[in-house]
Amino acid sequence: MMWATTVRVLQQLRSDPRSIALILVVPSVLLAVVYWLYQNETLPPGVPRTFDRVGLMMLAIFPFVVMFLVTSITMLRERTSGTLERLLTTPIHKGDLLFGYALAFSLMAALQSVVATAVAYWVFGMSILGNAGWVVLVAVVNSVLGVALGLLCSAFATTEFQAVQFMPVVVIPQILLCGLFVARDQMNNVLEAISNVLPLTYSVDALQEIAKNSQATSSMATDLVVVAGFVVAVLLLASLTLRRRTA
């Protein structure tokens with residue numbers, strides 16, 4: 001049942017070139033904007049470029065945001081159109097349905113992450129100590145996190161506008177508190193405590209470990225396990241809150 005759901009969602013995406021463009025092209029375009037922001041900065045010899053730090057973080061954040069939007073709106077359409085209600089009259093379990101959606105969008109997320117990382121390294125010359133393969137892995141896991149949160153939030157929205165409104169509640173606080181703008185140990189105690197329970201924080205920490213070390217570290221592995229745990233927990237919660245349709 002899960003595989004059948006995955007195939008169906010991928011077939012739907014194939015017939016929707018705008019969604020494919022949003023998934024594959026938008027993160028690379030946004031990454032280009034970040035590169036041009038810092039293109040003219042003047043640095044002493046041996047000092048790393050700002051783009052190498054900020055651009056690396058964006059490889060996790062942009063896919064996270066895009067997959068959250070695409071997934072939440074797609075799942076809402078399935079419910080409002082009655083497709084979800086028809087599917088749930090079959091022997092399919094809610095968990096199979098949601099994990100099938102998650103797998104389909106995760107495959108697209110993996111492709112998206114490979115494209116964005118390739119652009120960062122080969123087009124914009126991003127240079128860090130760690131291996132690009134680890135960067136892709138973190139980006140993929142973070143994209144899947146966006147998928148899981150999108151599936152969960154879609155259950156509480158009745159219109160596409162409401163689905164988009166979940167971004168200021170779910171996505172933007174994580175971006176602000178993940179350590180991108182201010183180091184977490186420099187935040188006040190309340191904000192630091194909140195950041196410690198947000199999954200995006202651990203994705204950023206993992207990327208920072210990759211940037212500073214040529215080999216994988218135990219801290220990076222721990223961060224990835226934490227994010228993966230968040231993904232599984234959110235998908236299980238989404239299966240409990242999934243409604244057949246929206247009135």
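The model is predicted, so local features need pLDDT of at least 70 and side-chain atom pairs count only at pLDDT 80 or more, while totals for chains, interfaces and linings use all residues. Residues are numbered from 1 along each chain as its sequence is written, and side-chain values use heavy atoms, with hydrogens and water left out. Helix α4 (residues 50–80) turns up again and again below: it comes within 7 Å of α7, axis to axis, and it gives the most to the lining of the largest pocket.

**How the terms are used**

- Helices are DSSP runs (H or I, at least four residues), numbered from the N terminus.
- Spaces are found on a 1 Å grid over the protein atoms alone: in a cavity a 1.4 Å probe fits but cannot get out, whereas a pocket is an open set with protein on both sides within 12 Å along at least five of seven lines. Lining residues have an atom within 4 Å of a point.
- Grid points are joined across faces, edges and corners, and a volume is the space filled by probe spheres set on the points.
- For residue classes, Ala, Val, Leu, Ile, Met, Phe, Trp, Tyr, Cys and Pro are nonpolar, Asp, Glu, Lys and Arg are charged, and the others, Gly among them, are polar.

**The α4 and α7 pair**

- The axes of α4 and α7 (residues 132–154) come within 7 Å and cross at roughly 30°; axes here are lines fitted to C-alpha atoms over the stretch in contact, with angles from 0 to 180 degrees between N-to-C directions.
- That angle makes α4 roughly parallel to α7 (under 35 degrees; over 145 is roughly antiparallel, 65 to 115 roughly perpendicular and the rest oblique).
- The two helices cross in a right-handed way, with the near helix turned clockwise from the far one by less than a right angle.
- The contact of α4 with α7 involves 17 nonpolar residues, seven polar ones and one charged one.

**Largest pocket**

- The largest pocket holds about 360 Å³ of space.
- Its lining has 13 residues, and Asp-16, Ser-19, Ile-73, Thr-74 and Arg-77 lie nearest the centre.
- At least two lining residues come from each of α1 (2–14), α2 (17–24) and α4, and α4 gives the most, with six.
- By class, this lining splits into six nonpolar, three polar and four charged residues.

**Second largest pocket**

- The second largest pocket has about 240 Å³ of volume.
- Here 14 residues form the lining, with Asp-52, Arg-53, Leu-56, Ala-211 and Lys-212 closest to the centre.
- Both α4 and α11 (199–212) supply at least two lining residues each; the largest share, four residues, is from α4.
- Seven nonpolar, three polar and four charged residues make up this lining.

**The cavity**

- There is one cavity of 30 Å³ or more, and the largest cavity has about 30 Å³ of space.
- Around the largest cavity sit Gly-130, Asn-131, Trp-134, Ile-210, Asn-213, Ser-214, Gln-215, Ala-216 and Met-220.
- That lining counts four nonpolar and five polar residues, with no charged ones.

- Pro-27 belongs to helix α3 (residues 26–37) and is buried at 2% relative accessible area (buried is under 20%, exposed over 50% and partly exposed in between, with a 1.4 Å probe and protein chains only). Its C-alpha lies 21 Å from that of Val-169, 142 residues apart along the chain.
- Phe-124 sits in the loop between α6 and α7 and is also buried, with a relative accessible area of 9%. From Phe-124 to Ala-148, 24 residues apart along the chain, the C-alpha separation is 30 Å.
- Asp-96 is in helix α6 (residues 94–123) and is partly exposed at 30%. Asp-96 and Thr-50 are 46 residues apart in sequence, with 43 Å between their C-alpha atoms.
- Val-47 is found in the loop between α3 and α4 and counts as partly exposed, at 40% relative accessibility. The C-alpha atoms of Val-47 and Val-119 are 22 Å apart, with the two residues 72 apart along the chain.
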